[in-house]
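Reader: I would like a close look at one part of this model: the surroundings of the ligand. Please connect that site to the elements around it.

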Amino acid sequence: MVAEDRDVESSLRPKDLSEFIGQHRVREQLQLVLTGAQRRGTPPDHVLLSGPPGLGKTSLAMIIAAELGTALRLTSGPALERAGDLAAMLSNLVEGDVLFIDEIHRIARPAEEMLYLAMEDFRVDVVVGKGPGATSIPLEVAPFTLVGATTRSGALTGPLRDRFGFTAHMEFYEPADLQLVLARSARILGVDLRPEGAVEIAGRSRGTPRIANRLLRRVRDFAEVRGNGTVDRSTARAALAVYDVDELGLDRLDKAVLGALVRSFGGGPVGVSTLAVAVGEEPATVEEVCEPFLVRAGMLARTPRGRVATAAAWTHLGLVPPPDAVTGAGQAVLFD
Ligand SMILES: Nc1ncnc2c1ncn2[C@@H]1O[C@H](COP(=O)(O)OP(=O)(O)O)[C@@H](O)[C@H]1O
Ligand SMILES: [Mg+2]
């Protein structure tokens, strides 16, 4: 992510639950978890936030700490390579702190095992020395709340998943919610965004607030350079055409994936790794970034034998679907 994006993103982050748009179920559930714990005067249960990128997991983690009035300590699965990395983090916690581990499914095994004990008993065993002389020293950890975020809850081990008291499943946003996100961001950024302009951008944001905000900034550039700064429907349409964002919001990578699936593999089934090689991407990116939306848009189905393009995908690419093409979402068995 470029620096400008990162700065803007943090200025656009909702700061408390009331500013957090959409995700009504998750918000209601979380509110109960937090209020219940506050009334009892104990740190809330550990929380797992699960869902595709850009839906508000990091924002929610920060909001949890803000609502509790405690500090947020931030780290990520890939940064916790050794158990010692985690022990250092844990020993610095103050009672009630929120420890946020992003991409928690990528945590290394020894750190994960240490985390079990910390989550359950608020203590860790630090092993000192090697071989027969090694001793393990128990270390107390201040009671804390772990908030884990993951784009792949299926990749979490059972024991880790079981230690979270609450899992929030983040869903893609409805266009109406994305319009609210856009209106709020436009207000903060000082963009003259008209309702029809918001409708146009929301419809192409793949159900994702981060993408909505990014498109808003690109459309703003276009409106300021080529127009008078106002973002109405026609400005939004013209701008999004320049940036290659199609009517459904599919971007280059989505289109490459669908194109390869249909043109090189006859619509599938094909394994995700093969598909990823065909588009020159990491399998994880294809799986975690592209596929959830393509599945939801009814373009791609995950089947036991591999990925399959639906009739809608062929049509979207301007091709005639073969007679045996699966039709729409929910038809084929969807798996994780
Ligand atoms: N519910 C929401 N309401 C308003 N803005 C949101 C919401 N969820 C996400 N955003 C916006 O999208 C951006 C990305 O959200 P983030 O929390 O970083 O997603 P994730 O961690 O799931 O990838 C945030 O900076 C924020 O501007
Ligand atoms: Mg995040």
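Author: First, a caution: this is a predicted model. Here is the site, then its setting.

Ligand 1 is surrounded by 19 residues. The closest are Leu12, Gly56, Lys57, Thr58 and Ser59. By class, the shell around ligand 1 holds eight nonpolar residues, seven polar ones and four charged ones.

Which helices supply the shell? Helix H1 (3-12), helix H3 (57-68) and helix H9 (209-226) each give at least two residues to the shell around ligand 1. On the domain level, domain 1 (3-169) and domain 2 (175-242) each provide at least three shell residues. The chain also has a domain 3 (252-316). The centres of domain 1 and domain 3 are 32 Å apart, taken over C-alpha atoms.

H3 lies across strand E1 (47-50), E2, E3 and strand E6 (145-150). Relative to E3, H3 runs at about 175°.

Those strands belong to an open sheet. Five strands make it up, in the order E2-E3-E6-E1-E7, and the pairing is parallel. Strand E2 (72-76) and strand E7 (166-169) are the edges, each pairing on one side only. On average, neighbouring strands of this sheet are turned by 20° against each other, direction ignored.

E2 and strand E3 (residues 98-102) run parallel and are joined by five bridges. One residue pair to find on screen: Ser76 has Asp102 in E3 as its bridge partner.

What does the record say about this stretch? An unreviewed UniProt entry carries the annotation "domain: AAA+ ATPase" for residues 43-174. Over residues 43-174, the chain is 30% helix and 27% strand. The end C-alpha atoms of that stretch are 32 Å apart.

Two packed helices are described by the angle between their axes and the distance between the axes. For helix H4 (residues 83-91) and helix H5 (residues 109-121), the axes come within 7 Å and cross at roughly 35°. From H4, the contact uses Ala83, Asp85, Leu86, Ala87 and Leu90. From H5, Pro110, Ala111, Met114, Leu115 and Ala118 meet them. By class, the contact of H4 with H5 has nine nonpolar residues, no polar ones and one charged one.

Back to the ligand. H3 supplies at least two residues of the shell around ligand 1, and H3 also lies across E1, E2, E3 and E6. Start from H3 when tracing the site.

Terms used. Residues are numbered from 1 along each chain as its sequence is written. Chains are lettered from A and ligands numbered from 1 in the order in which they are written. This is a predicted model: local features need pLDDT of at least 70, side-chain atom pairs count only at pLDDT 80 or more; totals for chains, interfaces and linings use all residues. A residue is near a molecule or strand if its C-beta atom, placed from the backbone, lies within 6 Å of it. Helices (H or I, at least four residues) and strands (E, at least two) are DSSP runs, numbered from the N terminus. Ala, Val, Leu, Ile, Met, Phe, Trp, Tyr, Cys and Pro count as nonpolar, Asp, Glu, Lys and Arg as charged, and the others, Gly among them, as polar. Domain bounds come from an automatic or database domain assignment. Two strands pair if DSSP finds at least two bridges between them. Axes are lines fitted to C-alpha atoms, for helices over the stretch in contact, and angles run from 0 to 180 degrees between N-to-C directions. Two residues are in contact if their C-beta atoms, placed from the backbone, lie within 7 Å. UniProt positions are given in the numbering used here, feature names are shortened, and annotations may be inferred rather than shown by experiment.
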